[in-house]
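Let's walk through this fold together, starting with the sheet and its helices and ending at the pocket. Keep the viewer open as you read.

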Amino acid sequence: MKIIVVTSGFWLWFLSRLNLDGYTTYWAIYVRPMETDRMNTVIKHERVHEAQMKHDGYVTFTIKYLYQFISGRIKYGNWFDAYKDVDYEIEARQIAKQEI
């Protein structure tokens, strides 16, 4: 999957608006500019999402992700805690922290 470092336009606005360092779509991984070690960790995290999508299928991944996110939003009352509680995010954070 293609990695795109965004410096302007919609994707930079999107990432900045949601305070995200990276975002994986079905066709590319978008990341904001940042220092190299941090970028490597973010790309590793996003690559985990790529593998999750391929493993579960794009539709199943999206449905499970949204279901857990919306449930978390209701449970916690904010998007950040909901995001942190999604199983796919937990797995991606754990793998991204591992040394290569």
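Which strands does helix α1 (residues 10-17) lie across, and at about what angle does α1 run to β2? Helix α1 lies across β2 and β3, and its direction is at about 110 degrees to that of β2. Angles here run from 0 to 180 degrees between N-to-C directions, with axes fitted to C-alpha atoms, for helices over the stretch in contact.

A bit of bookkeeping: this is a predicted model, so local features need pLDDT of at least 70 and side-chain atom pairs count only at pLDDT 80 or more, while totals for chains, interfaces and linings use all residues. Residues are numbered from 1 along each chain as its sequence is written, and side-chain values use heavy atoms, with hydrogens and water left out. Helices (H or I, at least four residues) and strands (E, at least two) are DSSP runs, numbered from the N terminus.

Now for the sheet itself. It is open, has three strands in the order β1-β3-β2, and its pairing is mixed; two strands pair if DSSP finds at least two bridges between them. On average, neighbouring strands are turned by 15 degrees against each other, direction ignored.

Take the two pairings in turn. β1 and β3 run parallel, joined by four bridges, and Ile4 has Tyr30 as its bridge partner in β3. β2 and β3 (residues 28-31) run antiparallel, with three bridges between them, and a hairpin links β2 to β3 through three residues. Across that pairing, Tyr23 stands opposite Tyr30, and Gly22 opposite Val31.

What about the faces of β3? Both are covered: Ala28 and Tyr30 on one side, Ile29 and Val31 on the other, are all buried (under 20% relative accessible area with a 1.4 Å probe, protein chains only). Helix α2 also packs on the sheet, touching β1, β2 and β3, and its direction makes about 20 degrees with that of β2. Contact means heavy atoms within 4.5 Å.

That leaves the pocket, an open set of points on a 1 Å grid over the protein atoms alone, with protein on both sides within 12 Å along at least five of seven lines; a 1.4 Å probe fits at each point, and lining residues have an atom within 4 Å of one. The largest pocket is lined by 30 residues, with Leu20, Gly22, Tyr65, Tyr83 and Glu89 nearest its centre. α2 gives the largest share of the lining, seven residues.

Conventions:
Buried means under 20% relative accessible area, exposed over 50%, partly exposed in between (1.4 Å probe, protein chains only).
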